[in-house]
Amino acid sequence: MQHLLVKFETRSFRVKGISFHPKRPWVMIGMHNGVVQIVDYRMCATIDRYEEHDGPVRGVDFHSTQPLFVTGGDDYKIKVWNYKFRRCLFTLTGHLDYIRTVQFHKEQPWILSASDDQTLRIWNWQSRNCMSVLTGHNHYVMSAQFHPREDLIVSASLDLTIRVWDISGLKARRNDNNSGAISQDLFGSSDVMVKFNLEGHEKGVNWASFHPTKPLIVSAADDRSIRIWKMDDTRAYEINQLRQHTNNVSSVMYFKDYIISNSEDRTIRVWDPAQNTAINTYRRDTDRFWTLAAHPESNLIAAGHDNGMMVFKLNRERPAHTFHNGLLHFVRDFTIRTYDFETGQEASAMNMRRHLIPPTTLHCNPSDNMAVAWYDGDGGMFELFTIPKAGTIADAEIKKGFYVSAVFFAAGKFAVLDKTNQIVLRTTGNDISKMLPPVHNSNKLFPGPQGFLICRNDEKVYLFQVAQRAVVAEVSAAGVKYVTWDKDFNRVALQSKHSIVVASRKLKHMHTITESSVRIKSAAFDEERDILFYATSNHLKYCNLRNGECSTIRTLDNPVYLVKARGDSLWVLTREGKIQKMVLDNAELSFKLALQQERFRDVLKIIQSKKLHGQALVGYLHKHGYPEIAMHFVSDPLVRFNLALECGAMDIAKTTAQELNQPEVWRKLADNATRFGDIQLAQLANAKTQNYHSLGLQCVVTGNIPALGHMIDKAKDDSFKLQYSLYTGDVEKRINILAAAGQLPLAFRIAASNGLNDVAESLLSQMDPDVAERCRAVPIHAARPPPPATAVADNWPMLPVQESYFTRMLKEPGMLDYAPDATETKAAWADDDDDLFGDAPEANAANDDEDIDAGAAPAQGGGEWDDDLDIDIDIPVPAQAATGTKGAAAAAGYVVPREGETLAKHWVDNSQLAVYHIAAGSFASALQLFQRQVGLVNAAPLQPYFMYIWASVNGAQPTWSPLPPHTAAATTIPQTDEMRAKHGPSIPKLLPQLLEKIKSGYAAFTEGRFPDAHRIFTTILHMVLFVVVDNKKEHSELMEVLTVSREYIMAVNMELQRKEEKEPGRALEMAAYFSHYKLQTPHIILTLSASATQAFKCGNFKTAANLARRMLDLDPPQERAERARKIIAGSEAKGSTEAIKLDYDDRNPFTLCTVSKKPMYRGTVEAIRCPFCLAPAHPNHRGERCKVCDLSNLGEQAAGMANGSSS
């Protein structure tokens, strides 16, 4: 099939009748097994099934305005259905044989039916009776159809005739009666007259159809021919015959200016009546075709065959369009039209040559108004022409060629793909410039950045650089149909039938969007945000390019094609070739973007606007760790209760629990309140569920004995009363409970031990004599009264709940005015914010002093990152206690145990962790371990941490003067119960502190406070030595902390030394080196922006452009991206020259020496490293102190750092 685009296909029993719904994307089919199905051809899903007919269903039709459809079958019945109620409303009977077709009238409440009983009938579906019986055919009536505009009916019969009936008389008749209906059944209708009787077919006629606008009829018959008839006021006559089918022609109809037919020869043919020939043929291998139907408003056609049904189009409805100089050029009705986005004005530019199909693609020359249109027909053809400017006359000269693809790749040059997959380069004069070999068997070309082509094969997409004749990048993307670039050619969307692959300029994969059940129609990048909008067959959606999340914006009534997106404004192109501007009020998208960027002030504003609802948003917030925000969108109290428990909002949990008032909810609240230390709330929750055991335990723990006694009185559980009456001291209650339970001996002992002799004697009298005698013989000891309890009314110390920034902001609205903007940078980065191109002279005047001393002392409050560990703890070390005991004890038989080892000695003897030795006070052995493990030679920076570790493990209790204080060490619990089981000191968990301090270092680096950043990361690097980890995950995190600290210290050292450098060339080299450290992506963007600006100022335009391109590859913020593009454009305009010769080659991998700050290129020298921080250096510096950690010598050998708790 060449141009029949199959959109949907089903497999089922033989389909004999088809009808499109006029508004909804539904198609109804009547099948040979008696089933009627309604199918959604967009969603590829079955909507409903109806199975009340006995036998095949041959005729089906939807009503144009009402929720009704009609069916007719071989059971002689016509049924009218309501698809909203999903049932049959009534049945019309009267035909005496199979019913072939049924149809609703568009204006009148009529149904037309054709039957094998040789009659046509017109029914009134409102009064449910037959209005007219049309007789005259003397064989089966195979089809009947109302004229779309006039009061005519056409019918086709196996009696070789076609009849045209005039039904204008029916409109004059207003009243129906039973006698009239009888006379019509017997003698035919007097209100319907035969206007024309058309003869000419040699065999039975299967189908006849009116032309929608012209006085024409087309018919199909078993003589394998299609005949066209013309009508006027007095006669109808044959004007043409179409013969190419090789078997019975089953159905035929007009579609625009074409004729479509299907046949039992297993083909569908599209005919051009003007040329008297079939212009397209679609063939199935085994299935015969039986029926055809066309959508009343769109270009869809459906055909039924032996094994199901297919929905197809003759050609694509996507209007060809392209951008040029800020204007949109698009094709509508073979006319190129131009749309200006700024003014919203649309104008006609020129008329194109008419073809069988419209152009598939349109592309403009970057330098002028030359354009190339490509047609996907007859193997492919392009037309080259000039789009005239406004007020000028179109150039009639059109050049063409026959190739597979045609796109411009440079000024005055375009590329085409021939049938052997060779790339042919042509000029605007349509002359061949070069022939390039196939690119990985590519079968389609798409536009790319200037000088590049996008080549596609079945599995991958390639970025082909024409000048170098080489593929520079590739990405896996199967079946790509359309390619969409963003405004600056930095990102590309590769669109296939059900997916979109988003990639960078160098085709580095970023995201894959998949829509498995619907087709993706188009996509457009937002020019202001990291958002990709895309449209499917029935929805408008978006993808957040920062995290790959997709969501639906709205439902679409009809497919549209996105052409431009700017903020909340979208411009779309409809299938009719009309531009529509859509303004979105997408609060959900704004909310998610603000939440992702932690702009909580904007989040709060959106919440207060109350524009967001729905459980899906609650799930999104809960998934991303914002339960406190999710609570503001929850209407279900149970969900709100669970979210409140999760984020520790016990007051909200209490309120929702009171609203729900369910036992399970109260039990859950009691458990969580106990865990958080809110004992009063836990008691309330336990009281609500009458959980006396938990409530009793809480009363005992808090000493609330009166409340416990009150519970004992109310409880019905004797075991509870017996157990907790021990705490209240209620002896008589215990005696009564035991006596009632038949435990008289136990009751006697309780009474006797508590001095209740009369009660004890009474109990003895109730026992058997033998039992009473044995009870008397047992000695009785007086019971001790329960100790007095002091009731505690206050809550326990509450478990601290880590509040998010948003929660604190809600509690303190004034914080909104002082919340820092994370995207702001400080003055130290100001040297890359100068206006390089003279756009803001005032700004330039203000920033003349570009060498701002970022290393100066920070402003007030700048010392907030000082870690609490940097303190000088002066705690006296206790004197060694006297050990040993001389002599034996005075008591006979008592042996004095031998003295065991101290905790400090145990830690020193059993561990290779230096931090354990520090906790034991053995600093000398700890230094020896550090020397063996990390090559420590300078211990001075570690002195504060030694004292901190010792002080955090060892506590001191003052004694009477002049005795020394008593010291005790905090230890961990041994793994076993053995006497000499290994254990260690309880070292503080430093890893979480380091992770928090890294954030402070990041903030200082972002704000340009490089001395502060150096101090913070150096502190982190030194503290790594004192961290104890328990598992592989923590060890990996610790190694990551060490790596991050090392890289940032090296980067800061480079920048601080650059600011002191007087020689411009060396300073520029160091600025370029500054961008090669392994930093966080936002920080790399800052370094690239600063170094590119410095290079541009120094006149090294090639280096500046390369640095700016590296920055664009990292997807920087809009402001810095715009700056990078300006640098690239300015550098290219000035010839990409180099004013200063640099020792810098970014194409050759290198490692920077931490001492000389010079590169060591791969393959030239092997770098030595610090045994602790692994900082690299040139071998000439072996034995020198490491400039990063200042602890070890470069190039020394060491065993490696030990941090595991099992070491």
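View 1. In β32, M350 is the bridge partner of I336. Strand β31 (residues 335-340) and strand β32 (residues 346-351) run antiparallel and are joined by five bridges. Strands here are DSSP runs of E with at least two residues, and helices are runs of H or I with at least four residues, both numbered from the N terminus. Two strands pair if DSSP finds at least two bridges between them. Five residues separate β31 and β32 in the hairpin. In the turn, G344 has a positive phi of about 75 degrees. Residues are numbered from 1 along each chain as its sequence is written. The model is predicted: local features need pLDDT of at least 70, side-chain atom pairs count only at pLDDT 80 or more, totals for chains, interfaces and linings use all residues, and side-chain values use heavy atoms, with hydrogens and water left out.

**View 2. The open sheet β14-β15-β16-β17.** Four strands make up this sheet, with antiparallel pairing. Its edge strands, β14 (141-146) and β17 (193-199), each pair on one side only. From one strand to the next, the twist averages 20 degrees. Inside the sheet, five bridges link β15 (residues 152-157) to β16 (residues 161-166). A156 stands opposite I162 in β16.

**View 3. The open sheet β41-β42-β43-β44.** Four strands form this sheet, and the pairing is antiparallel. The edges are β41 (444-447) and β44 (470-476); each has a single partner strand, so one side of each is left without a neighbour in the sheet. Neighbouring strands are turned by 30 degrees against each other on average, direction ignored. Strand β42 (residues 452-456) runs antiparallel to strand β43 (residues 460-465), with five bridges between them. R456 faces V461 in β43 as its opposite residue.

**View 4. The R86–D48 salt bridge.** The closest N and O atoms of R86 and D48 are 2.6 Å apart. R86 lies in the loop between β8 (78-82) and β9 (87-92), and D48 in strand β5 (residues 45-50), so the pair ties together parts 38 residues apart in sequence. A salt bridge is a side-chain nitrogen of Lys or Arg within 4 Å of a carboxyl oxygen of Asp or Glu. The whole structure holds 43 salt bridges.

**View 5. Packing of helices α9 and α10.** Helix α9 (residues 663-676) packs against helix α10 (residues 679-688) at an angle of about 160 degrees, with axes 8 Å apart. Axes are lines fitted to C-alpha atoms, for helices over the stretch in contact; angles run from 0 to 180 degrees between N-to-C directions. The angle makes α9 roughly antiparallel to α10. Angles over 145 degrees count as roughly antiparallel, under 35 as roughly parallel, 65 to 115 as roughly perpendicular and the rest as oblique. The crossing is left-handed, the near helix being turned anticlockwise from the far one by less than a right angle. W666, L669, A670, A673 and T674 of α9 meet L681, A682, A685, N686 and K688 of α10. Contact means heavy atoms within 4.5 Å.

**View 6. Packing of helices α24 and α26.** Helix α24 (residues 991-1006) and helix α26 (residues 1032-1060) pack at about 25 degrees, their axes 11 Å apart. That makes α24 roughly parallel to α26. The crossing is left-handed. Contact residues of α24 include L991, I998 and F1005, and those of α26 include E1034, L1038 and Y1048.
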